[in-house]
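Biologist: I'm new to reading structures. Could you walk me through one?

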Amino acid sequence: MKRTEITEILRQPEVGVEVKVSGWVRSFRSNRFIALYDGSSFNTLQVVVPDSYRDEKFDEEILKKIQFHACISVTGKLAESQGAGQAVELIADSIELLGECVPEEYHLQPKNMTMEYLREKAHFRMRTQTFSAVFRIRHAVAYAVHKYFNDKGYYYMHTPIVTGSDAEGAGEMFRVTTLDLDNLPRTESGEIDFKQDFFEKSTNLTVSGQLQGEIAAMALGKIYTFGPTFRAEQSFTTRHLAEFWMIEPEVAFNDIFDNMDLAEDFVKYLIRHILDNYPDDLAFLDKRIKDEEKNMKQDDRRPMGLADMLRFVVDNDFERITYTEAVDILRNSNTYKKGKFKFDVQWGKDLQSEHERYLVEKHFQKPVFVRDYPKAIKAFYMRENDGTEPGKETVAAMDCLFPYIGEVIGGSQREERHGKLLERLHAQGIHEEELWWYLELRKFGGCPHAGFGLGFERMVQFITGMGNIRDVIAFPRAAGQADF
RNA sequence: GCCUCCUUAGCUCAGUCGGUUAGAGCGCCGGACUGUUAAUCCGUAGGUCCUUGGUUCGAGUCCAAGAGGAGGCGCCA
């Protein structure tokens with residue numbers, strides 16, 4: 001008999017029909033009720049072990065092995081449930097044990113376990129309600145990313161994972177090499193001879209697909225990338241990974257304002273997709289956060305529940321301010337006047353995360369775009385704004401800041417003027433030969449264009465309310481961590 | 001890279017001022033249970049107090065070093 005997925009049974013229950021379901025045991029109550037879970041939805045199907053099963057086909061060995069997270073297959077008829085809590089239940093006719101799960105040796109238990117503990121048991125943690133909900137939503141966000149862009153006529157570009165460019169300007173890189181580390185070939189002057197390496201040059205894992213994305217945008221108009229990204233930073237925070245996934249749209253003819261419009265519309269679409277399609281998973285995660293916050297001080301609790309907050313974000317315009325306005329707001333704040341910021345706020349200095357949190361969580365209480373940052377603190381490819389005061393030059397950069405997790409999006413209008421770009425490359429000590437192709441884009445049929453990078457895991461973190469980014473990726477890679 | 005905190009039963013934790021035999025809840029195991037919703041009830045077992053060294057008559061408790069983990073900052077997505 002072909003098996004039916006639990007989500008199908010729950011969606012359109014047909015009483016009296018014979019079905020076969022397979023899945024993992026969540027609980028076995030009263031030696032009679034099995035809560036069975038197969039991953040197809042958040043919910044379980046209640047399997048009832050009837051008297052007839054006991055009388056006629058009683059198999060004590062199998063019943064004893066119906067234990068937490070054991071894998072079984074059940075055939076039987078669907079019936080209206082006599083108990084509260086579910087509409088239908090499956091009256092077992094036969095039960096097959098597919099994989100036993102000996103509780104004495106198993107790592108998980110039907111109770112609250114800490115996130116840290118589960119992180120060490122990453123091969124089993126997806127069986128828990130929390131992680132199964134998180135990973136169903138993670139999938140759905142990824143799907144929504146492709147659907148959004150496809151429906152709007154964007155092309156999905158696969159930019160390279162291995163890069164020969166050393167000037168992407170986004171942090172420390174992982175080296176890629178096949179050279180024998182115990183016996184490195186040297187040039188006459190004693191440097192490592194990468195001519196003998198696999199690619200005959202020094203190569204690294206990509207930190208961004210943006211520069212290649214710009215190439216595509218200069219031909220296909222609207223493109224996006226969605227791929228793994230690698231940063232070899234020694235970051236020990238709840239929002240950094242060494243290997244993460246990033247979405248980078250790049251659009252010809254867009255300016256910084258079009259860029260913000262796109263970012264806001266895109267992010268709202270992603271959230272709406274989850275609100276509309278995963279209410280059960282969201283409700284569970286919502287409740288989970290409330291339980292977790294029960295023992296916290298009022299001040300530390302979230303002002304809104306998870307689903308309410310997501311709805312709020314979708315229903316309201318994001319705030320849009322300039323860096324200069326942000327500095328004014330911060331310097332006029334009581335927090336600043338009382339000297340409660342650890343770091344000073346001063347035009348020309350980058351905003352610290354305590355400043356960003358103040359803007360988002362205290363002042364505006366919603367997502368905020370900050371744009372037009374000082375030229376001196378931003379990357380070479382960002383377009384210099386016209387008409388600024390000397391000493392107060394800015395670039396058309398924008399960051400989108402979210403409550404609890406900070407920067408989710410960083411983007412800019414790109415510098416399309418060849419002369420200006422060359423100037424900025426030189427000012428930042430980057431050799432133009434490294435990026436000759438990037439410069440040529442400005443020489444041959446260039447145009448204004450803009451794009452941004454959205455941290456996929458940070459988005460999933462926001463939507464699921466998970467506190468640590470390591471808990472929204474199946475197998476986190478971070479400094480000092482590459483298990484599983 | 002800088003700073004802070006944590007490590008006691010399978011899990012979550014308590015353990016007073018350094019003082020006899022280290023505790024609880026949950027889980028496990030055994031038993032009971034024909035309408036449960038993390039079912040409930042009864043009973044048993046379970047410990048290298050992270051490691052090493054030191055102080056002390058005496059260390060889970062104090063000190064030092066090491067290991068592992070978490071968090072804050074910076075960097076950013």
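**Reading the fold and its RNA**

Modeller: Buried residues make up 50% of the 484 residues in chain A; buried means under 20% relative accessible area, exposed over 50%, and partly exposed in between, using a 1.4 Å probe and protein chains only. Keep in mind that this is a predicted model, where local features need pLDDT of at least 70, side-chain atom pairs count only at pLDDT 80 or more, and totals for chains, interfaces and linings use all residues. Residues are numbered from 1 along each chain as its sequence is written, chains are lettered from A and ligands numbered from 1 in the order in which they are written, and side-chain values use heavy atoms, with hydrogens and water left out.

Biologist: How many helices and strands does chain A have?

Modeller: Helices (H or I, at least four residues) and strands (E, at least two) are DSSP runs, numbered from the N terminus. Chain A has 15 helices and 16 strands, and its C-alpha trace spans about 90 × 60 × 45 Å along the principal axes.

Biologist: Which residues come nearest to RNA strand B?

Modeller: A residue is near a strand if one of its heavy atoms lies within 4 Å of it. Of the 51 residues around RNA strand B, the nearest are Asp-51, Ala-84, His-240, Arg-458 and Asn-468. On the RNA side, sugar and phosphate make up 44% of the atoms that come within 4 Å of the protein.

Biologist: Which element gives the most to that surface?

Modeller: That's S15, with four residues. Others that supply at least two residues each include strand S1 (18–29) and helix H12 (353–364). One residue found in S15 is Gly-410, and its C-alpha atom is 5.9 Å from that of Met-398, twelve residues away along the chain.

Biologist: How do I read a polar contact?

Modeller: Look for a pair of N or O atoms within 3.5 Å; within protein, one must be able to donate a hydrogen and the other to accept it, and residues adjacent in sequence count only if both atoms are side-chain atoms. For Ser-81, a side-chain N or O atom is 3.4 Å from a base nitrogen of the RNA. Inside the protein, the side chains of Thr-394 and Asn-385 make a polar contact at 2.8 Å.

Biologist: Is Thr-394 buried or exposed?

Modeller: Thr-394 counts as buried because its relative accessibility is 7%.

Biologist: Where in the chain are Glu-416 and Arg-383?

Modeller: First, the pair forms a salt bridge, with the closest N and O atoms 2.9 Å apart. This pair links distant parts of the chain, 33 residues apart: Glu-416 is in the loop between S15 and helix H13 (418–427), and Arg-383 in the loop between strand S13 (368–374) and S14. Both Glu-416 and Arg-383 are buried, and they belong to a salt-bridge network that also links Asp-386, Glu-415 and Arg-417.

Conventions. Salt bridge = Lys/Arg side-chain N within 4 Å of Asp/Glu carboxyl O.
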